[in-house]
Amino acid sequence: MSYDLIVIGGGFAGLTAANRAAELGLNALVLEASAEEFYACNSRYSTGALHVSFTPPRTDPAVLYDVIQEKSDGTARPDLAEAIASRAALTVEWLKDHGAAFENHPRRSDDMPMLAPLREMRAGLDWEGGGAHRLMQTLEAGLTSQGGELRRGIRARRILQENGMITGVEAETDSGTETLSAPAVVIADGGFQANSDLVRQHIGCAATELQRRNAGTARGEGLMMATELGAATIGMGTFYGHVLSRDAMTNEALWPYPQVDVICATSLVVNEAGQRIADEGHGGIYIANAIAKCGTPLGITAIFDAAVWEDAKTTDNVPPNPSLPDAGGTVIEAPTLEALAEKAGIDARGLAATIEAYNAHLANGKSGNALDTLTPPGTQTTYTAQPVSQPPFYAIPVCAGITVTSGGIAINGKGQVLDTDDNPIPGLYAAGSAIGGLEGGNRAAYIGGLIKSFGVGLIAAETIAAERPS
């Protein structure tokens, strides 16, 4: 069979690229490895928040570009950042024109459009009635109505190339191997968070030391097929995720929610010696990455007091107080810090010294940077550090929950896959969480999984259509 383009992966990035290509007159085929009608993927499980570095996508493009570069510490590829920023509002409008509905979340005040209907947002995984799942169905229906095709139960094994040009895909089904011809291939099969070898190599710990906060289907196969053709990779060492109760490792009701991010960001995150492991003020995504790289990912604990626990009733979309203990998560309580350390298995003397230094810096600070002389520092530009002083005191054993890796295949602002000399590989494109060059950096910046999927999916399809021989 011959097509104008073949898309590897049936999530938002792949379905968007295929839909846009079909609109532009191309014959598009999407390959989805799972044979299930409602196949598991991060797109289907997502909460549906569409943002650019947590900034509304209808914001002025110049502002969005600056936000991307600021959050990523200047590591985002300029042409890719500009492409995302300049098209963010148009991406929302395209989605609305293709059946997506949006509304604001009642617990958010940041004007962040979220796919409607909103998920219930409770402890555990709830996707069946959410807007993301419905949009998956809508995009599939839109693709088939335009003559495109989504094939389930077929896994791409190799991208074919002759004389430097893409010629198609070799794929595997239950009945054998198929060769599918196309002059363009879009890799959109997600990150590599389900590949234990790649996680160990790039993230720095065993996959078993992280809690899977994802569909468990993205194994980096597209990335490996691309590198076999000489593609470059970028930013492989970070991931998007959140801090979870360590009990989530054995209790399905505790992932993907509730998160422990805000508690960690305003309090202390310590190891078994009672020492802080990271600058908590950078937030939960950064802390999750720090936990993964600390050497003892399953020996980390959040320490906080009664005031922070009271705030935890309102400070997140799924407030950890009381949803975490209600769902079976451990929350240790004690009248003194010494008793808390004993219950939590933390060195009491080390914890006391850490809290004494931390509280003293807060008490003596005369500016918003009261913790900047601590090691590690305590940034307060986003979250305000709270003293650990009001009994009773609390501890939550935590772990890093990994949603999706941040790095991947290097692309330019046209969605073209780049080789190690920064030149496009003719006919090869990538979109969504398979790509790198936008997120990561020193603070594990999260620019937005959905904007990468929808935005780059549209860009790649339009590039393919524009470069199609007349």
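Residues are numbered from 1 along each chain as its sequence is written. Because the model is predicted, local features need pLDDT of at least 70 and side-chain atom pairs count only at pLDDT 80 or more, while totals for chains, interfaces and linings use all residues; side-chain values use heavy atoms, with hydrogens and water left out.

**Nonpolar cores**

The largest nonpolar core comprises 109 residues, and I409 and L428 have the most contacts inside it. A nonpolar core is here a set of buried Ala, Val, Leu, Ile, Met, Phe, Trp, Tyr and Cys residues joined through side-chain atoms within 4.5 Å. Buried means under 20% relative accessible area, exposed means over 50%, and partly exposed lies in between (1.4 Å probe, protein chains only). Apart from neighbours within four places in sequence, L428 is in contact (heavy atoms within 4.5 Å) with I159, I166, V185, I187, A226, L229, G415, Q416 and V417. A second, separate core has 18 residues, among them A334, L340, Y358 and L362. In soluble globular proteins, nonpolar side chains tend to be buried together.

**The second largest pocket**

The second largest pocket has a volume of about 270 Å³. Pockets are located on a 1 Å grid over the protein atoms alone, as open sets of points where a 1.4 Å probe fits, with protein on both sides within 12 Å along at least five of seven lines; lining residues have an atom within 4 Å of a point. Grid points are joined across faces, edges and corners, and the volume is the space filled by probe spheres set on the points.

Of the 16 residues lining this pocket, P183, A184, G427, Y429 and E467 lie nearest its centre. Strand 7 (165-173), strand 19 (424-430) and helix 14 (449-467) each supply at least two lining residues, and strand 19 gives the most, with five. Helices (H or I, at least four residues) and strands (E, at least two) are DSSP runs, numbered from the N terminus. By residue class, the lining divides into eleven nonpolar, two polar and three charged residues. In this classification Ala, Val, Leu, Ile, Met, Phe, Trp, Tyr, Cys and Pro count as nonpolar, Asp, Glu, Lys and Arg as charged, and the others, Gly among them, as polar.

**An enclosed helix**

Helix 9 (residues 284-292) is largely enclosed by the rest of the structure, because eight of its nine residues are buried. The buried residues are G284, I285, I287, A288, N289, A290, I291 and A292. Their cover includes helix 6 (196-203), helix 8 (261-266), strand 12 (239-245), strand 13 (268-270), strand 14 (300-305) and strand 16 (393-405).

**Salt bridges**

The model contains 21 salt bridges, each defined as a side-chain nitrogen of Lys or Arg within 4 Å of a carboxyl oxygen of Asp or Glu. Three of them are tabulated here.

| Pair | N to O distance |
|---|---|
| D4 and R468 | 3.6 Å |
| R443 and E70 | 3.4 Å |
| R443 and D73 | 2.8 Å |

D4 lies in the segment before strand 1 (5-8) and R468 in the segment after helix 14, so this pair ties together parts that are 464 residues apart in sequence. R468 is partly exposed, at 40% relative accessibility.

R443, in the loop between strand 20 (435-436) and helix 14, is 373 residues apart from E70, which is in helix 3 (residues 61-71). R443 and D73 are 370 residues apart, D73 being in the loop between helix 3 and helix 4 (78-97). R443 is partly exposed, with a relative accessible area of 25%; E70 is partly exposed at 42%, and D73 is partly exposed at 34%. Elsewhere, R155, R157, E172, R219 and E221 are linked in a network of salt bridges.

**Backbone geometry**

Most residues other than glycine have a negative phi, and most peptide bonds are trans. D73 has a positive phi near 55°. A444 also has a positive phi, of about 50°; this residue is found in the loop between strand 20 and helix 14 and is buried, with a relative accessible area of 4%.

A cis peptide bond joins A116 and P117, with omega about 0°, and P117 lies in the loop between strand 4 (114-115) and helix 5 (131-145). The peptide bond from T375 to P376 is cis, with omega near -10°; P376 lies in the loop between helix 13 (348-364) and strand 16.
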